[in-house]
Amino acid sequence: MTTKKFLRFFIPTIIVLVAVPFWQYIAPEEDMVQYDSFKCIIALEDYHSENMNYDIGFNYEMLGRFASAAHSGADIRLLPQNYQVADSLLMDSVDILVLPSTDTLAADERFKASTVLEDGVVWLVHKDQKRLIRDINNWLSHCEYSPEYENIVNRFVPSYHPVKRAASGRKYKTISPYDDLIHKYSEKIGWDWRMLAALIWHESNFRIEASSYKGAKGLMQMMPTTALRHGADDVLDPEMNIRAGTDYLLRLNKIFSRYAKGTELFKFVLGAYNAGEGRIINCIRYGKEKNLPYSSWEDIVAIIRTMREDPEVTEDKTCHLFKGHETVRYVETVVGLFYDFCSIASGPNVPDRLVKQKDTVSATTPLLPDTTGVLQTKSPEGPDELEQKKENNCSDPKESDENTPADSSRKEPQHCRSASLSGPYQKPL
């Protein structure tokens, strides 16, 4: 008798627990109101989720997907300094405010909060926006039980620290929250996708909110003016930022393909991405004038050292002296990170040394992609032609003075990988 009573209550409970989530998954979403565009502010600058490392990137993507489901656009921005978030909602200058569920505004009667997302945040709207909050909650409820949502969450949970992962000796299916984009745009420039991942990690630690004190922003630390020249009007957008950054890398490839090939060309591009093309071209010009070799990155490092000790250069007031310490470390570090990503991600192995004594590249064991096959177009101006330019060659499209790593309170420290390489990088400059 006791067993029958138990089953009488237990079986319906199991049915409800299984059927409700299944119905929420297969049930069609309610039609949403047609919105013109959403103005969204992500106010998570000082928030650290307990179960997600990239909550700003996660919410940026989720807001974009919600806008797409609503057949609308979305203007998504980070919280500006001294911004009155409550007033912005009350005056309808912002439609959706993303903030921690523990924030006092989440319980404010003047606003309506969404269900709590995976990272412990809510989307807040004005209390009069009843249809909007209903559409948000319906959409989130439907997403929650979809395999796609689980994949999105899983992309933004890990820390992705390549040095720590490499030390573990494990292999990982994903090495960043943006593997698909990195694959897509690395093919455009002929790079190994893990090398592009290494550059992006060093620039931003895969954080879309990363910014430098000079104003560089986003995953690839693009200056807004430079990004705009490459078609990116929103440096916070991951795809726009990576597309603009790889467009710039491709431009650098074309510029320096007349001076270096293969792996050495790759290092020239890294150096120019950090310091600016003008500074590296200045080094090449100096090498030509002094009859110094300049066809390898080791040559450029030697030229930088020589220029620092040349009185003619140090006394030249037309251009700030390029000391080069940070740029040499930058190239070294990104290459070291590339090794780390190769050790944890799928793909062909790389040799112990990235560059042998004379950059001899085996035809059967590629080291880094030789992009010379796609660089047969006419090269842009070199040192001789650049003499005629009115711009000071200290300036460059990335607008960086020995571009320092991005400054973000959420960012993990940069790592100098001097032990990963042999050769000139271990010598003091």
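1. Helices (H or I, at least four residues) and strands (E, at least two) are DSSP runs, numbered from the N terminus. On that basis the secondary structure of the chain comes to 16 helices and five strands. The model is a predicted one, in which local features need pLDDT of at least 70 and side-chain atom pairs count only at pLDDT 80 or more, while totals for chains, interfaces and linings use all residues. Residues are numbered from 1 along each chain as its sequence is written, and side-chain values use heavy atoms, with hydrogens and water left out.

2. Of the 429 residues in the chain, 51% are buried (buried means under 20% relative accessible area, exposed over 50%, partly exposed in between, with a 1.4 Å probe and protein chains only). Contact means heavy atoms within 4.5 Å. Among contacts between residues at least 6 apart in sequence, 68% join residues at least 24 apart.

3. The largest nonpolar core holds 102 residues (a core is a set of buried Ala, Val, Leu, Ile, Met, Phe, Trp, Tyr and Cys residues joined through side-chain atoms within 4.5 Å). Ile-96, Trp-123, Trp-191 and Phe-256 touch the most other members. Helix 15 (residues 325-344) supplies the largest share of this core, eleven residues. There is also a second, separate core of 13 residues, with Ala-43, Val-85, Leu-97 and Leu-124 among them.

4. Helix 2 (residues 55-69) packs against helix 5 (residues 147-156) at an angle of about 155°, the axes being 9 Å apart. Axes are lines fitted to C-alpha atoms, for helices over the stretch in contact, and angles run from 0 to 180 degrees between N-to-C directions. The two helices are therefore roughly antiparallel to each other (angles under 35 degrees count as roughly parallel, over 145 as roughly antiparallel, 65 to 115 as roughly perpendicular and the rest as oblique). From helix 2, Gly-57, Phe-58, Glu-61, Met-62 and Arg-65 meet Glu-148, Tyr-149, Ile-152, Val-153, Arg-155 and Phe-156 of helix 5. The residues of this contact divide into six nonpolar, one polar and four charged (Ala, Val, Leu, Ile, Met, Phe, Trp, Tyr, Cys and Pro count as nonpolar, Asp, Glu, Lys and Arg as charged, and the others, Gly among them, as polar).

5. Helix 2 also packs with helix 4 (residues 130-144), at an angle of about 110° and with the axes 11 Å apart. That makes helix 2 roughly perpendicular to helix 4. Met-62, Arg-65, Phe-66 and Ala-69 of helix 2 make the contact with Leu-132, Asp-135, Ile-136, Trp-139 and Leu-140 of helix 4. By class, this contact has seven nonpolar, no polar and two charged residues.

6. Most residues other than glycine have a negative phi. Phe-206 has a positive phi of about 65°, and Gln-221 has a positive phi near 50°. Phe-206 is buried, with a relative accessible area of 1%; Gln-221 also counts as buried, at 1% relative accessibility.

7. Phe-338 lies in helix 15 and is buried, with a relative accessible area of 0%. Its C-alpha atom is separated by 8.3 Å from that of Leu-196, 142 residues apart along the chain. Arg-305, in helix 13 (residues 297-309), counts as partly exposed at 25% relative accessibility. Arg-305 and Phe-322 are 17 residues apart in sequence and 9.7 Å apart in space, C-alpha to C-alpha.
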